[in-house]
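Please look over the sequence and the structure shown here. The report that follows goes through the chains in turn and then turns to the contact between them.

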Amino acid sequence: MDYKDIIASYADKPGGMIEAYHAVQRELSYLPVEAVTEAARVFNLPASAAYGVATFYSMFSVASRGKNVIRICESAPCHVAGAAEVVAALERELGVKMGESTANGQFALEYTECVGQCQATPVITINGKVHLDVSPAKVPAILAEYK
Amino acid sequence: MVNLTIDGIKVSVPEGSTILQAAKEVGIKIPTLCHHPDQAVKANCRVCVCEVEGNRLLAAACAQPVMEGMVVKTRTPKVIEARKTILELILSHHPQDCLNCIRNGNCELQDLANEYFIRDNPFTLKVRGLKKDYSTPSLFRDPDKCVLCRRCIEACTVVQSVNALGLENRGVLSMVVPTMGGDLMDSACVMCGQCIHACPVGAIGEVEEIDKLLAAIADPDKVVVTQIAPAVRVAIGEEVGMKTGDMPMDVFVAGLRQVGFDYVLHTNFTADLTILEEGNELLQRLKEGGTLPMFTSCSPGWINFCETFYPDLLDNLSTCKSPQQMFGPLVKTYWADKMGIDPAKIYSVSIMPCTAKKFEAARPEMNASGYRDVDLVLTTREIGRLFRMSGLDFDKLAGTNFDSWMGAYTGAAVIFGASGGVMEAALRTVYEVVTGKTLEDVNFEVTRGITGIKEAEVDLDGTLVKVAIANGLSNARKLMDQVRAGESPYHFIEIMACPGGCIGGGGQPITKANAKRVERIDSIYVEDEKCAIRKSHENPEVKTLYDEFLHEPLGHKSHELLHTHYQAKNKKYL
């Protein structure tokens, strides 16, 4: 679906901008400038305010990124449980560094704060789905689900 | 009323007051940084923290409402330690660059660091290294210096409704940015410079061009001519230690000659001329069914705003150039001829209360004289710096007069500097032109003051003319929406981009509160009262200009030199 149609479908919802942004990201994985401008128009806000919302929340990205967004918790419990090794495994497996996307546009690697699953650390999320007790050995199998 | 005690002093203030307001009542100064007297409470810097008895945590005085029986302490060791730490943390992100900063000596953060004798900051200096923005000819931004108080954002959004500035990201990563994190030039910025007044530090300022002036003065082949805008005199004294309005005009002129200007002329002359052209344009539109309401076109910030947000209403704009841009072509044609000076040698400098004027002078079409009409625009603040550098003692300087042919002016030109002034000046002239009668009382009080929108109805011998005046662009927006909806009852609308008019322009001495704007407005009308001639059409030099050169208002020569058309800006983001 075109970003314009996606945003239009939230036009009548109070505070619909954030939901519209999520919906655009489900389609495009990020918020292109045109989508932010369009959201400003639809929700009758200055473009600067729409841009402020798009950059305030870490879930949103205004920079182009891979389709499947992998987020690795960098908070203390995951850190202690060996998040760094998971990071290394992901970077090795995908051939990119944290904050980058794969050349084929399949994956983006990002850090996140705690996602509230500290009973089973280290934790990663892919497109919002939580993967618990992740180890470097499990990484290839997890990624295979999204390839 | 609520009763409380601050530092042992009893005070009674209306319900809803803050500790900061209550403390002010009894003469206790609580330090602030993000607080602005004319803006909403922000409470993000925490410099104003105080102890409230019974509370574990310190309270931000700017945001904490008073409560009955509250006991506040504003200078305990705990408070002082907290404030020092807060300042040290802010300074740990702030370039230690005061000596090179445009706000050196006029910076709220510098003052606080001094008051709290910050010496050995225990925190490691960590400047973000963000890109400076020199994309506009008027304003620069130096985001590294930003203390994230957000006062500029409120000036740009609430006061001006331009919304060029906003916040990007969150927490330690947050920064004030032009729309989409791009350059100011690509945003909707109209270059009014109200953000400069709002900024407590040197994160935003005018593009300084004093060096160009000094080079021109040093060049023996250049004849350096200047014009002074109506709003400058009332404020220039503030830059050299005088009270608002105290700099006598003739002393100001003498000062300009001392720093090296060859000829000193006055934008007031072309302000009077503007009234003749614009007044006649209005009458023509009324008579011939032209586009109404007609909008004034003196304020370049407003012109930028209209081109950006209301391109469909550009036909409503008067075709008259601003007084600065009428002066430009005339000084290199009419005046050069009268003085026997080669116009190619003239370096035309205007002294303006305005940052948008720098942009206006640089518009490509502003070359009606065959040369760049205005070569350089300096703000009141830049001239203030030049004066301070010159070491002149203005108390001892003997005054001198303006030079001839474009230096005479009337009270009607003086009031151009305040919101409502152009309207009042126009009414003084239009009334006499239409009715053929003498206007006994030239004072149109209803047009005066800092109120956002003013309206009046004037009886021109049976013809009722409805006028409106807006200062500050959020007020302009209200009138424009009305016009766009086809519901505007007015014939003539004056718009000044800056609150209070040009006296509050982006190039004026740093204006920390609207109270200062009101003081300057008062000063403008005192000057008007003192003028022997107070109607533009009675200006003797303007009469000579018409007799010898222009021949008639809206005539062929006028159209060639004094009128223009503006175009839609088609900005990418609004």
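## Chain A

In this predicted model, chain A holds seven helices and four strands. Read from the N terminus, the elements of chain A follow one another as α-α-α-α-β-α-α-β-β-β-α. The C-alpha trace of chain A extends over about 50 × 30 × 20 Å along its principal axes, and 33% of the 147 residues in the chain are buried.

Chain A is divided into two parts, with domain 1 covering 3-56 and domain 2 covering 68-144. The centres of domain 1 and domain 2 of chain A, taken over C-alpha atoms, are separated by 27 Å. Where contacts in chain A link residues at least 6 apart in sequence, 56% of these contacts join residues at least 24 apart.

## Chain B as a whole

Chain B contains 19 helices and 17 strands. Its radius of gyration is 25 Å, close to the 25 Å that the globule rule gives for 574 residues, so chain B is as compact as a globular protein of that length. Taken along the principal axes, the box filled by the C-alpha atoms of chain B is roughly 80 × 55 × 50 Å.

Of the 574 residues in chain B, 52% are buried. Among the contacts in chain B between residues at least 6 apart in sequence, those that join residues at least 24 apart make up 74%.

## A five-stranded sheet in chain B

Five strands of chain B form an open sheet with mixed pairing, and their order across the sheet is S2-S1-S5-S3-S4. Strand S2 (9-13) and strand S4 (59-60) of chain B stand at the edges with a single partner strand each, so one side of each of these strands is left without a neighbour in the sheet.

Within this sheet, strand S3 (residues 49-52) of chain B pairs with strand S5 (residues 70-73) of chain B in the antiparallel sense, over two bridges. Val52(B) stands opposite Val72(B), a residue of S5(B). Helix H2 (residues 77-91) of chain B packs on the sheet, where it touches S3 and S5 of chain B, and the direction of this helix makes about 155° with that of S3(B).

## A hairpin in chain B

Another pairing in chain B brings together strand S15 (residues 453-460) and strand S16 (residues 463-471), which run in the antiparallel sense and are joined over eight bridges. One of the paired positions is Glu457(B), whose bridge partner in S16(B) is Lys466(B). S15(B) and S16(B) form a hairpin with two residues between them, and Asp461(B), which lies in the turn, has a positive phi of about 55°.

## Where the chains meet

Where chain A and chain B touch, 10 residues of chain A are in contact with 13 residues of chain B. On the chain A side, the elements that give two or more residues are helix H3 (33-42) and helix H4 (47-56) of chain A. H4(A) provides the largest share of this side, namely seven residues.

How many nonpolar, polar and charged residues are there on the side of chain A that touches chain B? By class, this side has six nonpolar and four polar residues, while it has no charged residues.

How values were computed
Residues numbered from 1 in each chain as written. Chains lettered and ligands numbered in written order. Predicted model: local features only at pLDDT ≥ 70, side-chain atom pairs only at ≥ 80, totals over all residues. Rg over C-alpha atoms; globule rule 2.2 N^0.38 Å. Buried ≥ 20, exposed ≤ 12 C-beta atoms within 10 Å, placed from the backbone. Contact = placed C-beta atoms within 7 Å. Nonpolar A, V, L, I, M, F, W, Y, C, P; charged D, E, K, R; others polar. Domains from an automatic or database assignment. Pairing = 2+ DSSP bridges. Axes fitted to C-alpha atoms, helices over the stretch in contact; angles between N-to-C directions.
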